[in-house]
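Colleague: I have the sequence and the model open side by side. Could you take me through them in questions and answers?

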Amino acid sequence: MVHIVGAGCGAADLITVRGAGLLARADQVIYAGSLVNPELLNYTRSGTPCHDSARLTLEEVLALIEAGERRGWTTVRLHTGDPSLYGAIREQMDAMRERGIPFDVTPGVSSLCGAAAALPAEYTLPGVSQSLIITRMAGRTPVPEGEALCRLAAHGASMALFLSAGMLRQVAEELLAGGAYRPDTPAAIVYKASWPEEAVYRCTVSTLEETARAEGITQTALILVGDFLGDDYRRSALYHPDFSHGFRTKKE
């Protein structure tokens, strides 16, 4: 049996209780060593084989899984954040289905959540934005034409950019080309959210590149953009005394 587990965004205590329990019972662990906090391996039993997949191909990962299956082992495939976001798990799941290997998925705390906590901020503010766009700048991995950053930027919604910290000049150009963001639209660079070295750099769309250059940020950072990072918003109706809902009547 294989358990695909979201490791969380960095801090070892931000893995789910289920994920930590699976690590404690695992016979082997295959972890994304380039991004997963190695402290998470402390949840495993002494002597458990732990393989760093940063050095492996998909075929080599599958070979380890198959070897574990022949031994009757439980394997934990440990991915950073939540595995459903930029986790490259679909190809692994399809390969395991083809081989008849049973598996399941345990969600994790995404860096998307870790970055909001680090700020702290709320992505969906009344009167500001009720949508969050999760995307990336096209690089070695292209994006579909309809998802070009300038097209998504036209919505002016709250935006989180993964895997884009090394291309911030192009990011800013694409964001401004969309027409909805201004040069002074608030932005933030959140480096290694929830790790001991976590850092938050507030800036604007027009100063994204110079801020990253000044702080030496080229990777392992989430880029956040939108007026949700500003100070103007409407109070939520949910807790307003003039608003009634199924659990509370309007205050007279």
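Colleague: In which sense do strand 6 and strand 7 pair?

Modeller: This is a predicted model, in which local features need pLDDT of at least 70, side-chain atom pairs count only at pLDDT 80 or more, and totals for chains, interfaces and linings use all residues. Residues are numbered from 1 along each chain as its sequence is written, and side-chain values use heavy atoms, with hydrogens and water left out. Helices (H or I, at least four residues) and strands (E, at least two) are DSSP runs numbered from the N terminus, and two strands pair if DSSP finds at least two bridges between them. Strand 6 is joined to strand 7 (residues 158-162) by five bridges, and the sense is parallel.

Colleague: What is the strand order of the open sheet of five strands?

Modeller: The pairing in this sheet is mixed. Its edge strands, each pairing on one side only, are strand 6 (132-136) and strand 9 (199-204). Neighbouring strands are turned by 20° against each other on average, direction ignored. The order is 6-7-10-8-9.

Colleague: Which helix packs on the sheet and touches strand 6?

Modeller: Touching is judged by contact, meaning heavy atoms within 4.5 Å. Axes are lines fitted to C-alpha atoms, for helices over the stretch in contact, and angles run from 0 to 180 degrees between N-to-C directions. The helix in question touches strand 6, strand 7, strand 8 (186-191), strand 9 and strand 10 (221-225), and its direction makes about 65° with that of strand 10; it is helix 4 (residues 111-118).

Colleague: At what angle to strand 9 does helix 7 run?

Modeller: Helix 7 covers residues 208-215 and lies across strand 8, strand 9 and strand 10. Its angle to strand 9 is about 150°.

Colleague: Why does T135 count as buried?

Modeller: T135 is found in strand 6 and stands opposite L161 in strand 7. Not counting residues up to four places away in sequence, T135 touches Y86, E147, L149, L152, M159, A160, L161 and F162. Buried means under 20% relative accessible area, exposed over 50%, and partly exposed in between (1.4 Å probe, protein chains only). T135 counts as buried because its relative accessibility is 5%.

Colleague: Is L163 buried or partly exposed?

Modeller: L163 is in the loop between strand 7 and helix 6 (168-177). Its phi is near 55°, a positive value in a residue other than glycine. Its relative accessibility is 48%, so L163 counts as partly exposed.

Colleague: What is the omega of the peptide bond from L119 to P120?

Modeller: P120 sits in the loop between helix 4 and strand 6. The bond from L119 to P120 is cis, with omega near -20°.

Colleague: Which residues of strand 1 point the other way from V2, I4 and G6?

Modeller: Strand 1 (residues 2-6) is mostly covered, with five of its five residues buried. V2, I4 and G6 point one way; the residues pointing the other way, also buried, are H3 and V5.

Colleague: Which residue in strand 4 is the bridge partner of G6?

Modeller: Strand 1 pairs in the parallel sense with strand 4 (residues 75-79) over five bridges. Strand 1 also runs parallel to strand 5 (residues 103-106), joined by four bridges, and there H3 stands opposite D104. The partner of G6 in strand 4 is H79.
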